[in-house]
Amino acid sequence: MRLVDTHAHLDDVPDLPSVLDKAAGRGVMAVVAVGSDMESNRKTLEIAGLYPGRVFPALGLHPWELTNGGEAVAGLALAFIEENISRVVAVGEVGLDYKKELVRETGKELQHMVLERLLDIAGRYDKPVLVHSRYAWRDALNLVQRSGVQQAVFHWFTGPTSVLRSAVEAGYFLSATPACAYHQEHRRAVKETPLDRLLLETDSPVYYRGLDRAARPADVAGVLGEVAAIKGLPPEQVAEATTANSAGLFKLKLSEGHWR
Ligand SMILES: [Zn+2]
């Protein structure tokens with residue numbers, strides 16, 4: 001089976017060589033490594049440099065990171081992303097998060113302003129965006145659509161069916177995480193997303209109560225099993241489709257054989 005983990009924070013994953021060996025052993029052909037602030041963006045590029053053709057970098061600025069320095073720090077991260085845009089397969093992780101405590105700290109306005117600037121970069125350089133949209137599903141989709149960005153992935157989507165439908169109609173993708181083993185809203189979203197719009201991911205090293213530990217890219221094999229069960233399709237078919245979706249969206253040239 002050939003799989004792609006389309007969203008992992010590899011800069012936060014310890015013992016990377018053995019972790020990636022294990023992933024390769026489960027059929028993981030490639031990982032899209034996402035950045036979330038200046039430091040993680042730098043590290044993500046470094047890691048991608050160590051695994052050419054296997055780890056493909058995305059650079060972003062996560063809404064959670066806006067608590068560290070606000071607009072000034074965001075400006076530096078945006079400049080870094082644009083300077084390195086030719087090296088990345090996507091802009092991400094970006095997005096909005098309306099969890100109460102976060103909105104109290106960052107305000108929605110700053111989140112919107114930063115996301116608009118990130119979308120502007122993605123649009124000008126024709127890169128897909130990897131979108132976090134917790135409790136902000138409709139606003140995140142509206143901003144992406146208004147920006148004119150051609151391709152977007154709504155990662156770990158748990159929002160309402162109405163927003164999901166609009167996203168699918170707009171041609172966007174949804175990525176399934178290990179939470180699809182137990183999280184009802186995420187399971188419903190996976191079920192309602194057509195197979196040609198679906199990707200697999202782990203969001204490593206996030207802790208999942210379904211796994212009872214931190215995720216690793218090898219866990220994308222478990223996500224495949226869950227997605228296949230939810231959709232009532234053979235795992236081979238889901239693997240083939242989601243890997244083809246990933247390769248097409250991120251323009252990946254997937255190589256066979258060893259990782260190093
Ligand atoms: Zn993430």
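Asn84 is buried, with a relative accessible area of 10%, where buried means under 20% relative accessible area, exposed over 50% and partly exposed in between (1.4 Å probe, protein chains only). This is a predicted model, in which local features need pLDDT of at least 70 and side-chain atom pairs count only at pLDDT 80 or more, while totals for chains, interfaces and linings use all residues. Residues are numbered from 1 along each chain as its sequence is written, and side-chain values use heavy atoms, with hydrogens and water left out.

**Asn84 and its surroundings**

- Asn84 belongs to the loop between helix 3 (70–83) and strand 4; helices (H or I, at least four residues) and strands (E, at least two) are DSSP runs, numbered from the N terminus.
- Apart from neighbours within four places in sequence, Asn84 is in contact with Leu45 and Leu59, contact meaning heavy atoms within 4.5 Å.

**The zinc site**

- The zinc ion has as its protein donors His7 (NE2), His9 (NE2), Glu93 (OE) and Asp203 (OD), at 2.1 to 2.2 Å.
- Donors are N, O and S atoms within 2.8 Å of the metal (3.2 Å for Na, K and Ca); water is not among the atoms, so sites may look incomplete.
- Along the sequence, the donor residues follow the spacing H-x1-H-x83-E-x109-D.
- The angles among the four donor atoms run from 83 to 171°, and the site is irregular.
- Four donors count as tetrahedral if all angles lie between 85 and 135 degrees; four count as square planar and six as octahedral if opposite donors are over 155 degrees apart and all others between 65 and 115; anything else is irregular.

**His155**

- His155 is part of strand 6 (residues 152–155) and is buried, with a relative accessible area of 5%.
- Not counting residues up to four places away in sequence, His155 touches His7, Glu93, Val131, His132, Ser175, Glu201 and Asp203.
- Between His155 and Thr202, which are 47 residues apart along the chain, the C-alpha atoms are separated by 9.9 Å.

**Pocket and cavity**

- Rolling a probe the size of a water molecule over the atoms shows where empty space is left.
- On a 1 Å grid over the protein atoms alone, a cavity is a set of points where a 1.4 Å probe fits but cannot get out, and a pocket is an open set with protein on both sides within 12 Å along at least five of seven lines; lining residues have an atom within 4 Å of a point.
- Grid points are joined across faces, edges and corners, and a volume is the space filled by probe spheres set on the points.
- The largest pocket has a volume of about 540 Å³, and its lining consists of 21 residues, of which Trp64, His132, Arg134, Trp156 and Asp203 lie nearest the centre.
- Seven nonpolar, eight polar and six charged residues make up this pocket lining; Ala, Val, Leu, Ile, Met, Phe, Trp, Tyr, Cys and Pro count as nonpolar, Asp, Glu, Lys and Arg as charged, and the others, Gly among them, as polar.
- The largest cavity has a volume of about 30 Å³, and its lining residues are Phe154, Phe157, Leu164, Ala167, Val168, Tyr172, Phe173 and Leu174.
- By class, the cavity lining holds eight nonpolar, no polar and no charged residues.
- Helix 7 (161–169) and strand 7 (173–176) each supply at least two residues of the cavity lining, with the largest share, three residues, coming from helix 7.

**Backbone features**

- Most residues other than glycine have a negative phi, and most peptide bonds are trans.
- Gly92 and Glu93 are joined by a cis peptide bond, with omega about 15°.
- A second pair, Ser204 and Pro205, is also joined by a cis peptide bond, with omega about 5°; Pro205 is in the loop between strand 8 (198–200) and strand 9 (207–208).
- Asp126 is not a glycine, yet has a positive phi of about 55°; Asp126 is in the loop between helix 5 (108–124) and strand 5 (129–132).
- Lys251, another residue other than glycine, has a positive phi near 55°.
- Lys251 is in the segment after helix 10 (235–250) and is exposed, with a relative accessible area of 62%.
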